[in-house]
Amino acid sequence: MERGHLVVGRRERAKAAKRERIMTAARELFAEHGVSGVTTQQIARRADVAIGTLYLYASTKAELLIMVQNEKFAAAIDAGLTAADAAVGQGVPESVVALVRPVVECVREHIQNGRTYLNELVFGDPSEPYQQAGLALAGRLEDGITGLLARDEHIDAADAATLARVITAIIHISTTATVHLHRSDEVVLADIGAQIHASVAPHHRAA
């Protein structure tokens, strides 16, 4: 029995090591060349695994991109939530901007990869595990925005959830639309901030 556990343990460690090599190879190649400039064969070669082995972990290049970007997206959301807590005293709109700043920077770090990632989350197969993980992260971002908006005494819970959905749509368009690609992160963030203020303002005028 103990021998069996040792065999299983070694097998799991070997699988984890291969997955990490594949992730590292995909991360590096996507950063160097963009998703359209990389093949799964190149990723397999750099990871030192057979192409068939790679397909055991991700069946398409899009899945590999989602794997890589999910890690970055999760880290950006964590950073944003921490920044938002620190900015609460500056006002609700400002705390929302603090939350979305690392997310915007993450998506725009490599424009092609960020656009493809968001496109896959919106239009890809929602039953695919990596996509499900990405959608869960998008939900976490939306929930974080909802929680911040709900701190405003003029915005009830239902309106906070609706506004959060609007703001996430604003982020998506502002970070991926071709017309905005030439803009700097700061200009994009300023535009998003202005739209957040405009979305919240009617609730204050109605109060």
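**Entry 1, the largest pocket.** I began with open space in this predicted model, and I noted that the largest pocket holds about 340 Å³. Of the 16 residues that line this pocket, I wrote down those closest to its centre, which are L118, A138, L141, T168 and H172. I then looked up which helices contribute to the lining, and found that α5, α6 (111–123), α7 (129–149) and α8 each supply at least two residues. Sorted by class, the lining of the largest pocket comes to 11 nonpolar, 3 polar and 2 charged residues.

I next searched for cavities, and the structure has 1 cavity of 30 Å³ or more. I recorded about 40 Å³ of space for the largest cavity, whose lining is made up of Q69, K72, C106, V107, E109, H110, N113 and G114. Here α4 (61–87), α5 and α6 each give at least two residues to the lining, which by class consists of 2 nonpolar, 4 polar and 2 charged residues.

On the α5 side I listed V96, V100, V104, V107 and R108, which meet I167, I171, S174 and T175 of α8. The residues of this contact divide into 6 nonpolar, 2 polar and 1 charged.

How values were computed
Residues numbered from 1 in each chain as written. Predicted model: local features only at pLDDT ≥ 70, side-chain atom pairs only at ≥ 80, totals over all residues. Heavy atoms only, no water. Contact = heavy atoms within 4.5 Å. Helix = DSSP H or I, 4+ residues; strand = E, 2+ residues; numbered from the N terminus. Nonpolar A, V, L, I, M, F, W, Y, C, P; charged D, E, K, R; others polar. 1 Å grid on protein atoms, 1.4 Å probe; cavity = no way out; pocket = protein on both sides within 12 Å on 5 of 7 lines; lining within 4 Å. Points joined across faces, edges and corners; volume = space filled by probe spheres on them.
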